Amino acid sequence: MRQFMLPDLGEGLEEAEIVAWYVNEGDHVVTDQPLVSVETDKAVVEIPSPSCGRIAHVFGAKGDIVKVGTPLVEFAEGAEPDTGTIVGELGSTEHPLAAGPSSERPAGQQPQVFPAVRSLARKLDVDLESVVATGPGGTITRADVERAAKSVSQTGRPEPLRGMRRAMAQRMMAAHAEVVPATVTDEADIDDWPTGEDVTIRLVRAIAIACKAEPALNAWYNSSTGERRLIARIDLGIAVDTEGGLIVPVLRNVAERSVADLRAGLDRLRDDSIARSIPPEELRGATITLSNFGMIGGRFANLVIVPPQVAIIGAGRISQRAVAYRGQPAVRRMLPLSLTFDHRIVTGGEAARFLVALKSELELMP
């Protein structure tokens with residue numbers, strides 16, 4: 001019997017959620033045959049069999065979280081030892097549902113509950129382990145159970161984060177712990193744009209110009225080594241809002257592509273993201289990111305930078321505003337811009353020059 005472990009999924013990821021099994025115990029598989037699909041880093045990835053053999057046992061069910069290095073399947077025969085191959089390029093105890101405020105109890109100590117109160121808890125679907133006991137000697141009373149049931153009815157039961165939302169929570173927590181963010185804002189006067197101008201593509205091309213003007217923001221920073229890497233090619237992460245959570249696919253080499261090519265590439269990335277069919281490699285390697293949140297609402301934002309990147313641009317909601325134009329008050333269409341940068345690596349002057357270049361490019365006549 002040999003076991004095949006969940007391989008290294010890349011970019012320091014330590015776990016994955018099982019989406020679907022393609023094999024059953026007793027099945028005979030061949031090398032590279034898909035065994036299971038897992039979700040991690042906001043993408044669904046198929047994991048192939050490392051060799052031929054018969055499946056003696058599968059570990060985990062749909063929805064289970066599996067750690068890298070723990071068993072996925074056990075082969076009865078014909079399997080070579082697992083070498084921990086990297087899959088793709090991405091650059092169980094059940095916890096009861098909380099029914100209200102929880103109290104800390106010494107290990108092994110059970111709550112004291114009279115039979116009538118236990119019956120009431122079953123009727124109201126209240127987990128007694130999560131109820132705060134207020135009766136004498138740690139006894140759970142009817143009032144404690146009723147209070148817990150009322151809390152659940154008002155707030156709803158907790159649900160574990162899964163898939164993209166789980167990955168987002170982990171990445172945002174890591175970014176908050178590491179990055180030192182600062183934000184500068186401005187507005188671009190786009191009143192001279194022709195009707196129907198493609199806002200996102202204009203933003204993409206303006207970001208490419210700004211990166212050329214101030215290369216310090218198109219960079220990666222490795223905090224563990226204290227090394228900065230300026231990157232000549234501009235691979236732009238595009239934040240896409242989906243029902244399952246935020247996905248940031250990467251639009252490659254934006255400075256060297258035509259408007260039509262950029263639009264076609266952006267449409268494909270957005271469609272694949274919404275359909276959850278985007279290849280894992282298209283979620284890796286962004287050098288700077290754009291969040292066009294103004295398509296939904298809001299003017300300015302303090303955005304979150306995901307390392308190793310050092311900057312993210314936000315575009316707010318376009319609106320008509322009274323501004324000074326050629327020395328006279330006028331109502332003009334204005335595009336709010338936010339630039340959040342990692343102040344460990346990027347100076348205020350570099351950020352300001354980048355924003356000036358971005359604004360100037362957007363305000364040019366097409």
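Modeller: Let us begin with a term: contact means heavy atoms within 4.5 Å. This is a predicted model, and in it the cover over the buried residues of helix H3 (residues 163-178) includes strand S2 (15-21), strand S4 (34-40), strand S15 (240-242) and strand S16 (245-247).

Colleague: Which residues of H3 are buried, and what makes them line one face of the helix?

Modeller: Gly 163, Met 164, Ala 167 and Ala 175 are buried in H3. Seen down the axis of H3, its buried residues fall within an arc of 75°, and therefore they line one face of the helix. The face turned away from that buried side carries Met 173, His 176 and Ala 177, which are exposed.

Colleague: Why is Ser 49 called buried?

Modeller: Buried means under 20% relative accessible area; because Ser 49 has a relative accessible area of 1%, it is buried. Ser 49 is found in the loop between strand S5 (43-48) and strand S6 (53-58). Leaving aside neighbours within four places in sequence, its contacts include Val 29, Asp 32, Leu 35 and Phe 75.

Colleague: What makes strands S12 and S13 a pair?

Modeller: Two strands pair if there are at least two bridges between them, and S12 (residues 219-222) and S13 (residues 227-230) have four, in the antiparallel sense. Trp 220 stands opposite Arg 229 in S13. The hairpin has four residues between the strands, and Gly 226 takes a positive phi near 70°.

Colleague: Which residues of S12 are on its covered face, and which on its uncovered one?

Modeller: Ala 219 and Tyr 221 form the covered face, whereas Trp 220 and Asn 222 form the uncovered one. In a regular strand the side chains alternate between the two faces of the sheet.

Colleague: Which residues touch the most other members of the largest nonpolar core?

Modeller: In that core of 47 residues they are Ile 207, Ile 288, Phe 354, Leu 358 and Leu 362. Helix H4 (residues 199-213) gives the largest share of this core, eight residues. A second, separate core has 16 residues, among them Val 23, Val 29, Val 38 and Phe 75.

How values were computed: Residues are numbered from 1 along each chain as its sequence is written. This is a predicted model: local features need pLDDT of at least 70, side-chain atom pairs count only at pLDDT 80 or more; totals for chains, interfaces and linings use all residues. Side-chain values use heavy atoms; hydrogens and water are left out. Helices (H or I, at least four residues) and strands (E, at least two) are DSSP runs, numbered from the N terminus. Buried means under 20% relative accessible area, exposed over 50%, partly exposed in between (1.4 Å probe, protein chains only). A nonpolar core is a set of buried Ala, Val, Leu, Ile, Met, Phe, Trp, Tyr and Cys residues joined through side-chain atoms within 4.5 Å. The arc is that of the directions from the helix axis to the C-beta atoms.
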